[in-house]
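Reader: Hi! Could you walk me through this one?
Author: Gladly, here it is.

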Amino acid sequence: MTGPTTGRAATLVLARHGETVWHAENRYAGTSDIDLTPNGTLQAERLAGWSRSRGITTVISSPVRRAVETAEPAALAVGTPLTVVDDLREVGFGVAEGHTLSELDPAIVARFRADPVAYPFPAAEPPSLGAQRCAQALRGIAARHPGGAVLVVAHNTVLRLGLCVLLGVPTAHYRQVFPRLDNAAVTEIAVPLDGRRTPASLLSLNVPVTDRPGRLRGLAVPA
């Protein structure tokens with residue numbers, strides 16, 4: 001299976017950081033500096049082994065510590081310095097930061113669920129801005145690494161927003177089209193290098209790194 005643009009495109013392997021101590025309660029972690037759990041550390045180690053087998057040549061991370069700590073073992077495993085790109089940081093969630101949806105004003109939650117881009121959480125970074133900065137960062141990474149296999153470690157929401165922009169999906173639907181990216185699972189995209197805003201190709205989605213790495217895998221949509 002190959003897309004029409006893959007012959008003149010760069011392949012990016014996107015991964016969400018490992019599990020953190022807020023995941024058990026599904027608390028929003030945007031700008032907060034949250035520790036990985038022991039399981040999150042194990043996920044990072046598995047991602048490192050997968051990256052070595054997959055032939056990853058470059059490892060790039062969000063500046064947020066949980067992403068850096070997930071990416072560092074992969075960079076070490078493939079023998080490359082870790083590059084940090086600030087625009088891959090997670091969006092800030094404003095009043096939702098550190099909270100679950102059940103702890104928030106029901107009216108705020110209802111508006112957010114109806115259209116998270118038009119009605120983000122109060123004091124949050126506008127999702128439209130997060131989407132554009134992530135998409136621009138990924139396009140820039142692709143342009144700088146046209147022949148390599150690049151692992152990009154970042155975050156659940158900003159990556160889903162960036163994917164929408166690159167794939168031509170309305171960002172208002174990011175929560176429906178991409179319900180979640182699992183911790184340390186990988187998603188591959190082919191980003192065109194034609195200098196235009198040609199949509200990227202989605203090659204695989206949310207593939208666990210316990211799977212044997214391959215050149216191209218089918219879509220694995222979360223339940």
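**Inside the model**

Author: The largest cavity has a lining of 13 residues, and V91, F93, F112, P127 and Y174 lie nearest its centre. A cavity here is a set of points on a 1 Å grid over the protein atoms alone where a 1.4 Å probe fits but cannot get out, with lining residues having an atom within 4 Å of a point. This is a predicted model, where local features need pLDDT of at least 70, side-chain atom pairs count only at pLDDT 80 or more, and totals for chains, interfaces and linings use all residues. Residues are numbered from 1 along each chain as its sequence is written, and side-chain values use heavy atoms, without hydrogens and water.

Reader: How many residues of that lining are nonpolar?
Author: The lining has one charged and two polar residues. Nonpolar covers Ala, Val, Leu, Ile, Met, Phe, Trp, Tyr, Cys and Pro, and that group numbers ten.

Reader: Which residue of β3 is the bridge partner of V59?
Author: Strand β2 (residues 58–61) pairs with β3 in the parallel sense, over three bridges. In β3, the partner of V59 is L82.

Key:
On a 1 Å grid over the protein atoms alone, a cavity is a set of points where a 1.4 Å probe fits but cannot get out, and a pocket is an open set with protein on both sides within 12 Å along at least five of seven lines; lining residues have an atom within 4 Å of a point. Two strands pair if DSSP finds at least two bridges between them. Helices (H or I, at least four residues) and strands (E, at least two) are DSSP runs, numbered from the N terminus.
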